[in-house]
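Please keep the sequence and the coordinates in view.

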Amino acid sequence: MAHEILIVDDEPDIRALMEGILSDEGYDTRVAQNSDTALAAFRARRPSLVILDIWLQNSRLDGLGILEVMQREEPQVPIVMISGHGTIETAVQAIQQGAYDFIEKPFKSDRLLLIAERALEAARLKREVSELKLRAGAETELLGHSSPISQLRNAIERVAPTGSRVLISGPAGAGKEVAARMIHARSRRSTEPFVALNCATLNPSRFEEELFGIEASNDPQAPPRRAGVLERAHGGTLLLDEVADMPLETQGKIVRALQEQGFERVGGATRIKVDVRVIATTNRDLATEIGAGRFREDLYYRLAVVPLRAPSLRERREDVPVLARHFMTRSAEISGVPSRELSEDVLAALQAYDWPGNVRQLRNLVDWLLIMAPGSVGEPIRPEMLPPEVGSAAPAALKLDRSSEIMTLPLREARELFERQYLEAQLLRFGGNISRTANFVGMERSALHRKLKFLGVQAEDRAAQL
């Protein structure tokens, strides 16, 4: 998407010259000749960059006054000052007030383009740093090789470049926001803002202010003008996280905003035009919510142009070892302590657990194990070091005291006991999938079926389901 540059200069020839130079390089431009038209254009839609003349005739505010207002309202927008009567003192003052750079008239087109490019790049890097700080520790890739997660990744690769709205459903902690960030990163908007609004944690009375922003009033005691998430996401992607928690009244207004790609700030009357791709997530069945009157059907169809589903961790148990090792490495890097090895028995126990909190719960558990698991740094983490609620779900074969029960049995019965518990553990580990279990234990699928029947182990082949 082309960057939009607002040109503010009182000389028509200069405005036309800069507009031509920048347009030839693929930039979108708007122009203003005084402070009132400049601020109106700035407030109507946030530009990517402002080129601002210092000396403006027939203007209520000069360039430095406009700079002060713009910096107060939208400090992230870079501003380049320009003047034909500039002095070193004026340039220093402009930089101190927050301007990115200063250009003297007459200027060369190459210098104008270079400064514009550098200002836009600096703003992009600043925005990325800010976003990284906000989501420190957030995952940006869907890890694993299971069929459900591979299908989701393939769907993301197809839908990301299209610009279509996407609705991602799935249980809490399954990675819906990670999927949304992947879509943004692979889209044509990847260099533009990614803004997230968590509908589940937001006070219902503040929804419209957060979405649409607040218009400034003449009352000096009133809050200053503030951009909402729709405006801040202009050119990029807006994530409506857990959209089912949005109040019905706000749902109606967001429908209109999506339809018209525009809105009015709270307390304002000016229509703000934006270009935003919306991705929504939910852990609820929206069809049920619609039937109960808690979610608007028209909003559902506007959001669910392309519906995707993030699978639960139970549906992708074979990815648990990859995820656990990744989280262990990352947790060690963040906390600055040596990593711990996860034994194969621990990985099997983790695969057997049901994970009601999904990937988020696994990540938190690995963080806990790194800090709280007993033993030295070089000692692998074993099943008995797991928290009780996880360790209790471990297969019996991992908890078998070989010095007691098995040692009292004849060889044939001991072998059958071990094989039964071992195969039960592997079936649980692979979610009942006979093909994957047979491949792991080194048996033909038909031979495994016969062995399970002989041992009295109930197994449902779920290969077709996964």
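E242 is buried, its relative accessible area being 11%; buried here denotes under 20% relative accessible area, exposed over 50%, and partly exposed the range in between, with a 1.4 Å probe and protein chains only. The structure is a predicted model, in which local features need pLDDT of at least 70 and side-chain atom pairs count only at pLDDT 80 or more, while totals for chains, interfaces and linings use all residues. Residues are numbered from 1 along each chain as its sequence is written, and side-chain values use heavy atoms, with hydrogens and water left out.

E242 sits in the loop between β10 and α10; helices (H or I, at least four residues) and strands (E, at least two) are DSSP runs numbered from the N terminus. The side chain of E242 reaches the backbone nitrogen of N283 at 2.9 Å. Such a polar contact is a pair of N or O atoms within 3.5 Å; within protein, one must be able to donate a hydrogen and the other to accept it, and residues adjacent in sequence count only if both atoms are side-chain atoms. Leaving aside residues up to four places away in sequence, E242 touches K176, C199, A200, T281, T282 and N283, contact meaning heavy atoms within 4.5 Å.

Strand β10 belongs to an open sheet of five strands, ordered β7-β10-β13-β6-β14 with parallel pairing; two strands pair if DSSP finds at least two bridges between them. β7 and β14 (306–309) are the edge strands, each pairing on one side only. From one strand to the next, the twist averages 20°. Strand β6 (residues 166–169) is joined to β13 by four bridges, the two running parallel, and S169 stands opposite T282 in β13. Helix α6 packs on the sheet, where it touches β6, β13 and β14, and its direction makes about 155° with that of β14. For such angles, axes are lines fitted to C-alpha atoms, for helices over the stretch in contact, and the values run from 0 to 180 degrees between N-to-C directions.

In soluble globular proteins, nonpolar side chains tend to be buried together. A nonpolar core is a set of buried Ala, Val, Leu, Ile, Met, Phe, Trp, Tyr and Cys residues joined through side-chain atoms within 4.5 Å. The largest such core has 31 residues, of which L211, L238, L240, M246, I254 and L303 touch the most other members. Elements that each supply at least two residues of this core include β7 (194–198), β10 (237–241) and β13 (277–282), while α10 gives the most, with four residues. A second, separate core of 25 residues includes L323, A349, W355 and L362.

L142 lies in the loop between α5 (109–134) and α6 (147–159) and is buried, with a relative accessible area of 8%. The C-alpha atoms of L142 and L323 are 9.4 Å apart, although 181 residues separate the two along the chain.

Which residues of helix α2 (residues 35–44) are buried? They are S35, A38, L39, A41 and F42. These residues lie on the same side of α2 because they cover an arc of only 160° around the axis, the arc being that of the directions from the helix axis to the C-beta atoms. Their cover includes β1 (4–8), β2 (28–32), β3 (49–53) and α3 (63–73).
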